[in-house]
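Here are some questions and answers about one protein chain. Look at the sequence and the structure before reading on.

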Amino acid sequence: MTRSQPRRARGTVGHANSALNLRLALASFGLVIMIVFSALAFRADLAWLGVVCAVLAVVAVVDLIVIQRRRAARRREEPGARHSLFE
């Protein structure tokens with residue numbers, strides 16, 4: 001098993017466990033949207049909704065960190081390889 005894949009995952013280097021580039025794009029989109037929604041909720045005096053959106057933004061940041069670590073490991077294992085959005 002390679003280091004860019006989580007332990008006991010079904011994916012291999014040839015067939016990745018998840019599309020890391022697509023996950024990166026979706027997590028980035030989720031982070032931006034949750035920050036905007038959180039700001040709008042706080043401006044509308046809906047503190048509970050702002051807190052929920054802020055927590056979801058933190059989850060997106062953690063997901064971005066995990067994705068970047070896996071992409072870096074893949075880059076070390078396959079130097080010079082180019083991956084599309086869905087690989």
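Q: How many helices and how many strands does the secondary structure of the chain come to?
A: The model is predicted. Helix α1 covers residues 20-43, and helix α2 covers residues 47-77. The secondary structure of the chain comes to two helices and zero strands.

Q: Is Asn21 buried or exposed?
A: Asn21 lies in helix α1. Its relative accessibility is 11%. A residue under 20% counts as buried, so Asn21 is buried.

Q: Which side chain does a polar contact of 3.0 Å join to that of Asn21?
A: Asn21 belongs to helix α1, residues 20-43. A polar contact of 3.0 Å joins its side chain to that of Arg71.  Helix α2 spans residues 47-77. The partner asked for is Arg71.

Q: Why does Val52 count as partly exposed?
A: Val52 is in helix α2. Buried means under 20% relative accessible area and exposed means over 50%, with partly exposed in between. Val52 counts as partly exposed because its relative accessibility is 41%.

Q: What accessible area do Leu46, Trp48, Leu49, Val52 and Leu56 have together?
A: These residues form a nonpolar patch on the surface. One of them, Val52, is placed in helix α2. Together, the accessible area of the patch is about 450 Å².

Q: What percentage of the accessible surface of the chain belongs to carbon and sulfur atoms?
A: Buried residues make up 25% of the 87 residues in the chain. The accessible surface of the chain comes to about 6400 Å². The part belonging to carbon and sulfur atoms is 65%.

Methods
Residues numbered from 1 in each chain as written. Predicted model: local features only at pLDDT ≥ 70, side-chain atom pairs only at ≥ 80, totals over all residues. Heavy atoms only, no water. Patch = residues over 30% accessible without salt bridge, like charges linked within 9 Å, V, L, I, M, F, W, Y side chains within 5 Å. Areas by Shrake-Rupley, 256 points an atom, 1.4 Å probe, with all protein chains shown as cover. Salt bridge = Lys/Arg side-chain N within 4 Å of Asp/Glu carboxyl O. Helix = DSSP H or I, 4+ residues; strand = E, 2+ residues; numbered from the N terminus. Buried < 20%, exposed > 50% of the residue type's maximum accessible area, 1.4 Å probe, protein only. Polar contact = N/O pair within 3.5 Å; in protein donor to acceptor, adjacent residues only side chain to side chain.
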